[in-house]
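Q: I have a model open and want to learn how to read its features. Where should I start?

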Amino acid sequence: MEIGGVNRNDRFTRGSRLVDVLSKAGLAFAIVAVMLYGSLVSPAFFTSGNLLNVLTSMSIVGIVVVGMTFVLVVGGLADLSVPATIACGAILSLGLQPMIGPLPAFLLAVGLAGLIGLLNGGLVGYVGINPIIATLGVGTIGLGIVQAAVGGVIVYGSNPASAEFAKGRLFGIPVVVLIFLVIALVGHFVLSRSFWGRWTLATGGNYSAAEASAVPVRAVKAGAFVITALASGISGGLLGLTLQSARPLIGGGYEFSAITAVVVGGVSIVGGFGSVPRAIAGLIFVQLLTNVMVLDGVRTPIQGFLLGILIVGAVGMDAALRKRGVA
Amino acid sequence: MTVAADCALDMRGISKNFPGVKALSNVNFAVKFGTVHAVVGENGAGKSTLMKILNGSYAPTSGTIKVGDAEVRMRRPADAQALGIRMVHQEINLVPDLTVAENVYLGRMPGKWTFLRKREMVRAAAAVLDELGAAINPRERLGNLSISQQQLVEIAKAYAAQPRIIVLDEPTSSLSEHETAALFRILRKMRDDGIAIVYISHRLKEVLEIADEVTVLRDGSMIQTRPIKGIKAADMIRLMVGREVSNVFPKSPAAIGKSVLRVEHISDGQRFRDVSFEVRAGEILGLTGLVGAGRTEVARAIFGLSRLVEGTVSVNGREVSINSPSQAVRAGIAYVPEDRKGDGVVPGMSVRENISLPILRRLTRFGRISRSADRALARDSVKQFSISPPDGERRISLLSGGNQQKAVIAKWLAAKPSALILDEPTRGVDVGAKAEIHHIIGQLVAGGMAVVMISSELPEILGVCDRVVVMRDGYASEPLLRSELSEERIMALATGEEMA
């Protein structure tokens, strides 16, 4: 009885070991390699100032990455409304400060960003619109509203205390980094230990089987977009507070940085497989690589070129490994 | 036919080792032109490995293969195809968005390099379908066809390549008895054309009907090749399992209690109309009919996977409104779907994660899944249903079909339903696993559960069910007692061909 099972299993474990080596240890090796290369080519790389800088800018994207992981794992492809939700978070948390105070402004900004996510989730999960189209559309609408609300100008912060807090440190670690770590831990817990995370993985792994197993698949799918929007709102709010100014296009490019990190981290683009630590490992790698390239004086177009190759390579590897694992 | 006696295929001394496992050892397998040669054996007996070697997917560790008169060495499926070997897989491997004709000629479109000669292709496909006696429009989008029609297209695709050897793997698993008869006409025609046909099936009755010779495999070895004349199903089962299987369909008598699930005049406005039946505690109600008669649709609607436009569903005497599977679970209804791969399992997850999926909330505290409760549930299920290998952490897609099915049933029993709907629970599983699944169902009803079993296999329906409802074109017959039933009577009701 065992023969068929074992040989299939053998094929699989080979594939799975490869997946493990390539996306866990492989990424760790790559990170170490980039750090070694960085310290060789630039004396500025291995300084606490530079690394803290990398860490801080990484944290802002990292918060979005945590949300985006849910979107990819649930089989929701990608959330392209991130720039709009970041702008919403940044502009509102600064713009509402004079009226209601810094903390309520921040919370309200995040809440409204969540509303954008709810709209995304409704369209994707319940109406069944392609996520790329839905989030692109909702993002464009959201950005339009935000721009109209502030009249297309730059909004400045008016509460120095909140700026101090956002730029400050706790036990020598930047506050932004701490917030990112907390969100990453919560995200990791939810995805790997909670029923919601199991539902997310099941929905991404086989939508109809999950549905037939009494998983509320529509809500789970919608939820991933709400999580991403809330994360982006927080990220935008922190970005606004750190910069003390926000313009409508403040969030441009964050969606691609986040997707790149998640994909390079080995999270499957078709869903059903992935974790927050993997995505963050991808993020660390991409951020360090970018930093080293900047320090090394690599020209911007070349940087983009290399990152593009990285994405295509990661997605290609995902497809190849998936074939091997399932066949 | 002059070629009838010639050897189409001669595999000698075939062994295949995988690291740590001997999948095949010293198997001899020969097929003559113009014959149907059945291969039977339990899951894991080595049938798929042998066919994968024949198909060029695997290279044998040792042994020789002769196709016609020439010894061959195949490295990939394309090599096998070039030699005129075609395989029709159990699972449909077609492109739903292409037309029937495009599917038939997929990969070898007629015409020059760039321009497809569409009209020519449609004409050729029509000719092939016509020759096979399949009433299918070649311009139809494949996805619009029923599963059984798609299966016929799959066969037409293989046939259109004018093969010398054609391998069919469980071709009737999604066909009704009626359609099976049509398929057999096609196979006899191909056989008479001189094609060598290798026929793999768990359905011994069909093997007896269609095959000229049969080869039995067990545990990677060839047990026997015999002409079909003079062999009985019981002989084949004994050779396959190496032991006597006394009763393939054990029906343990259970005390029948009060009504558990009752549906009255339900209709989805499309696929079925005015369907009423009830199932009582300790009872197995069979739901049969031709594929496409609306059986699965009824089950899916009761379970909240699609909408009812009319009628009522009651559980334990209380009318319930079910719009989603989670409401059905709360009402005490569970459903084991027909399409195990599509709706039954999440392939990337472990057996444990699959089993706890419907009742995850009950294992959760403050949002966190209790690891110990999760593991304990998997452990108990694996033990209770003797899921093999007994490892809850194994990825479910690595289990055999029968064991996956047991896990899917286990998943639903964890929810402790009062009524269980099983849709083709033994399709594509081997004799041993089938008896086990029947045994499990028997235990469930003995414990007071009400079971609805959908099946196309009449011996199964007649062997297991207390009462039977036959569906035809979306309408359901009155429930019939087992004592009033025979295969002929069910077929008459299912096809409407005669009123018995």
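A: Start with residues 105-126 of chain A: the span is 100% helix and 0% strand, with end C-alpha atoms 31 Å apart. Helices (H or I, at least four residues) and strands (E, at least two) are DSSP runs, numbered from the N terminus. This is a predicted model, in which local features need pLDDT of at least 70, side-chain atom pairs count only at pLDDT 80 or more, and totals for chains, interfaces and linings use all residues. Residues are numbered from 1 along each chain as written, chains are lettered from A, and side-chain values use heavy atoms, without hydrogens and water.

Q: What is the helix and strand content of residues 170-191 of chain A?
A: That stretch is 77% helix and 14% strand, and its end C-alpha atoms are 28 Å apart.

Q: Is E353(B) buried or exposed?
A: Buried means under 20% relative accessible area, exposed over 50%, and partly exposed in between (1.4 Å probe, protein chains only). E353(B) has 19% relative accessibility, so it counts as buried. E353(B) belongs to helix α12 (residues 351-356) of chain B, and its side chain reaches the backbone nitrogen of S350(B) at 3.0 Å.

Q: Which classes of residue make up the lining of the second largest pocket?
A: Ala, Val, Leu, Ile, Met, Phe, Trp, Tyr, Cys and Pro count as nonpolar, Asp, Glu, Lys and Arg as charged, and the others, Gly among them, as polar. Here the lining has 13 nonpolar, eight polar and eleven charged residues. Its largest share, seven residues, comes from α6(B).

Definitions and conventions: A polar contact is a pair of N or O atoms within 3.5 Å; within protein, one must be able to donate a hydrogen and the other to accept it, and residues adjacent in sequence count only if both atoms are side-chain atoms.
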